[in-house]
Number of protein chains: 2
Amino acid sequence: MSQDIPVTGYAILGLLTFGDELTGYEIKQRADMTLRFYWVSPAMSQVYTELRRLTDLGLVAADARTEGSREVTSYAITAAGQAALRGWMDGTPAGFPVLKHTVLLRLLIAHATEPAHTRQMLHDYLGELDRAIDDLAQVRESLRGADRPGEAFRFPSLVADWGLDYFAAETQHAKRALAGLDETGPEGTVPPA
Amino acid sequence: MSQDIPVTGYAILGLLTFGDELTGYEIKQRADMTLRFYWVSPAMSQVYTELRRLTDLGLVAADARTEGSREVTSYAITAAGQAALRGWMDGTPAGFPVLKHTVLLRLLIAHATEPAHTRQMLHDYLGELDRAIDDLAQVRESLRGADRPGEAFRFPSLVADWGLDYFAAETQHAKRALAGLDETGPEGTVPPA
DNA sequence: CTGTGCATGTAAGGAGTTACATGATTGC
DNA sequence: GCAATCATGTAACTCCTTACATGCACAG
């Protein structure tokens with residue numbers, strides 16, 4: 001059946017189940033909007049590589065047309081693609097999420113540098129979290145109107161809400177860590193608020 | 001300065017800042033205990049590869065001895081290693097965490113399969129979360145006694161607590177998603193509890 | 001007429017994985 | 001005696017990234 005497609009391949013296949021025919025460029029944009037929060041933001045070159053593979057396997061159909069004077073290729077999922085996607089979703093265990101959290105990694109060994117640097121890092125992280133929340137909130141808003149049970153964007157909404165909650169929690173954690181950093185050892189005093 | 005070491009290299013360097021001389025095997029064990037939750041669980045082969053690189057760069061010192069009749073090599077961080085680690089922590093932006101969350105990815109496109117499968121997946125995830133929480137809670141317990149400000153395991157404790165909260169939140173999210181799945185469309189009725 | 005966005009690719013390389021291979025030590 | 005754990009590595013391969021390369025369309 002499924003000839004060993006990387007997860008990103010299935011993710012692209014998944015993006016194509018929402019109805020539209022998409023170009024590689026558009027797939028990259030959609031991935032940057034939503035997929036990046038809980039999977040990856042694949043490089044353009046990988047999107048094309050993956051589309052090539054999926055086309056060769058017959059899981060997507062390439063629709064090459066000429067627009068003005070340039071070649072544009074859109075892709076649509078095929079019946080075989082739908083079947084492969086289902087086979088993957090039903091047949092392979094989901095597995096535990098992998099978190100590559102450089103902030104936490106650095107916090108773990110924060111004793112190896114000065115507190116000021118760690119504080120700076122957490123501040124920066126808070127800023128990036130704000131931006132991520134703004135971005136994701138906008139995506140979430142765009143799903144309104146079709147986000148109720150049975151509607152087209154039911155699951156994307158569920159996932160977006162999950163993500164928003166996650167980022168909110170991260171913000172809290174970062175703030176708590178920041179507060180914890182300001183506490184000094186048993187002999188020290190708590191610095192003024 | 002730092003000759004392009006992968007993050008995992010710095011992670012290993014970080015593990016060696018907690019005092020002990022460790023063998024590759026032991027480093028792998030420690031990584032599996034703690035690092036895996038917010039970075040990765042590197043394969044054994046990669047641990048050795050990385051230790052080789054760090055040794056070549058003079059960032060760790062290999063201490064090869066013969067124990068009984070077999071060769072055992074332990075590694076300790078050198079002064080140069082400490083400097084390189086600090087340079088990395090202070091000099092490179094931490095960057096936003098990357099989450100590879102197959103459960104969320106699958107939930108996003110859950111319309112492509114039957115609700116029963118999605119429910120099953122979320123159940124499985126809840127089980128794995130329980131196990132992860134147990135494991136991490138045990139690690140957290142082992143840090144007690146040296147987890148206050150200024151003490152050796154201050155930061156690891158902070159990070160472990162962060163992780164435990166994260167897993168608790170994930171459990172809540174998964175349960176909420178499960179509850180959301182049981183709601184049917186506007187025309188349907190809410191199934192009995 | 002220049003920069004930004006749209007659109008598509010190739011090539012090189014790195015990080016990390018699985019599979020394979022080997023052997024000592026310890027506990028049952 | 002056998003399995004699990006300790007301990008160390010090599011080889012092949014894959015996913016994915018960065019850098020490079022090209023060219024149209026459109027707005028200011």
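Me: Leaving aside neighbours within four places in sequence, which residues is T34(A) in contact with?
Reply: Contact means heavy atoms within 4.5 Å. By that test, T34(A) is in contact with L15(A) and V139(A), once its neighbours within four places in sequence are left aside. This is a predicted model, in which local features need pLDDT of at least 70 and side-chain atom pairs count only at pLDDT 80 or more, while totals for chains, interfaces and linings use all residues; side-chain values use heavy atoms, with hydrogens and water left out. Residues are numbered from 1 along each chain as its sequence is written, and chains are lettered from A and ligands numbered from 1 in the order in which they are written.

Me: How many residues apart along the chain are T34(A) and V139(A)?
Reply: They are 105 residues apart along the chain, yet their C-alpha atoms are separated by 7.5 Å. On the chain, T34(A) sits in the loop between helix 2 and helix 3 of chain A. Helices (H or I, at least four residues) and strands (E, at least two) are DSSP runs, numbered from the N terminus.

Me: Is T34(A) buried or exposed?
Reply: Buried means under 20% relative accessible area, exposed over 50%, and partly exposed in between (1.4 Å probe, protein chains only). T34(A) has a relative accessible area of 16%, so it is buried.

Me: What joins the side chains of T113(B) and D90(A)?
Reply: A polar contact of 2.7 Å joins them. For a polar contact, look for a pair of N or O atoms within 3.5 Å; within protein, one must be able to donate a hydrogen and the other to accept it, and residues adjacent in sequence count only if both atoms are side-chain atoms.

Me: Now the nonpolar core. Which residues in the largest one touch the most other members?
Reply: A nonpolar core is a set of buried Ala, Val, Leu, Ile, Met, Phe, Trp, Tyr and Cys residues joined through side-chain atoms within 4.5 Å. The largest here has 112 residues, and L107(A), L122(A), L107(B) and L122(B) touch the most other members. Take L122(A): not counting residues up to four places away in sequence, L122(A) touches V103(A), A174(A), A177(A), L178(A) and L181(A), as well as W162(B).

Me: On to the DNA. Which residues come nearest to DNA strand C?
Reply: A residue is near a molecule or strand if one of its heavy atoms lies within 4 Å of it. There are 24 residues around DNA strand C, and Y25(A), Y48(A), R70(A), T73(A) and Q46(B) come nearest. Strand 3 of chain A gives the largest share of this surface, five residues.

Me: Which atoms lie close to a phosphate oxygen of DNA strand C?
Reply: Among them, an N or O atom in the side chain of Y25(A) is 2.9 Å from one. A backbone N or O atom of G24(A) lies 3.3 Å from a phosphate oxygen, and a polar backbone atom of A43(B) is 3.0 Å from one.

Me: What does R70(A) lie 3.2 Å from?
Reply: A polar side-chain atom of R70(A) lies 3.2 Å from a base nitrogen of DNA strand D.

Me: Last one: what does UniProt place at residues 100-181 of chain A?
Reply: The unreviewed UniProt entry has "domain: Transcription regulator PadR C-terminal" there. In the model, that span is 78% helix and 1% strand, with its end C-alpha atoms 22 Å apart. The UniProt annotation "domain: Transcription regulator PadR N-terminal", also from an unreviewed entry, covers residues 12-86 of chain A; there the chain is 47% helix and 24% strand, and the end C-alpha atoms are 13 Å apart. UniProt positions are given in the numbering used here, feature names are shortened, and annotations may be inferred rather than shown by experiment.
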